[in-house]
Amino acid sequence: MPSLVKKRTKTSSKTIGQESHIVFYPLVFLTLFLWVLYRRLFTFPVWFDETLGKALFFGFPVWLYINMVGAKKILETMSLRKFQSGVLLGLAVGGVFGFATSILTLFTRDVGVQPVALFSSGQFWNEFVLALFTGFWETLLFFTFILTVIQEKYDKWAVSNQALLASAIFLIFHLPNIYVRFSHISIQAMVFQAILLFLFALGQSFLFIGRRNTYALILSHAIWGMVLLVHTW
């Protein structure tokens, strides 16, 4: 009898946990709508969009959700005890991105290998700081928040399906920017960028699912952005 009561309590608790995410999709869709509207109506410098703009449109919804639902698992991924291991992992993954992109550039373009003093450039570090802000806000929204909720909401799904859904949401948020930046070039350029972003989000999703470490994704995201900037993709 006690075991039956315990089982029912556990099932009830699980149901309540899933029902607590009922505001998840409305909040995500509202965030998407407001972000697209903001980018459509206002043209601010990139540094403003990636810091204050995303703090408002990406950071505030997460804060609001945590206060509404009390999703502790979101906060657990940002525990300070995970900082050191996250930084090391982020550097390692980012280094793989950089190495692979450099090799790909070497073999697909008519270029040679020559030393470039990137780390002594003030502009490089300014861009890197901006990339860290971008990595922080986008990791917070799409992986720390959205992917964590997806895993709780669809806990019966395969990990691959959870990662695919999170990656699809990531891509949808970025489609307007892809259109603005590459529609004047060609449809092929837009498709290539969409595929590139989707694969990146998929990799980040699997990394997050495996490690549950926000810091690792922030740094790998920032380094990935810098790699693309350096190679002018």
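Which helix gives the most to the lining of the largest pocket? The answer is α7, with nine residues. The model is predicted, so local features need pLDDT of at least 70 and side-chain atom pairs count only at pLDDT 80 or more, while totals for chains, interfaces and linings use all residues. Residues are numbered from 1 along each chain as its sequence is written, and side-chain values use heavy atoms, with hydrogens and water left out.

The pocket holds about 1,300 Å³ of space. Of its 40 lining residues, V46, E50, K54, N177 and R181 are the closest to its centre. A pocket here is an open set of points on a 1 Å grid over the protein atoms alone, where a 1.4 Å probe fits, with protein on both sides within 12 Å along at least five of seven lines; lining residues have an atom within 4 Å of a point. The lining comprises 24 nonpolar, eight polar and eight charged residues.

The largest nonpolar core has 46 residues. Such a core is a set of buried residues (under 20% relative accessible area, 1.4 Å probe, protein chains only) joined through side-chain atoms within 4.5 Å. F142, F145, I146 and F173 have the most contacts inside the core. At least two of its residues come from each of α2, α3, α6, α7, α8 and α9; helices are DSSP runs (H or I, at least four residues), numbered from the N terminus. Apart from this core lies another, of eight residues, including F124, F128, I223 and M226.

In the loop between α8 and α9 is R212. R212 is not a glycine, yet has a positive phi of about 55 degrees.

Note on methods:
Buried means under 20% relative accessible area, exposed over 50%, partly exposed in between (1.4 Å probe, protein chains only). Grid points are joined across faces, edges and corners, and a volume is the space filled by probe spheres set on the points. Ala, Val, Leu, Ile, Met, Phe, Trp, Tyr, Cys and Pro count as nonpolar, Asp, Glu, Lys and Arg as charged, and the others, Gly among them, as polar.
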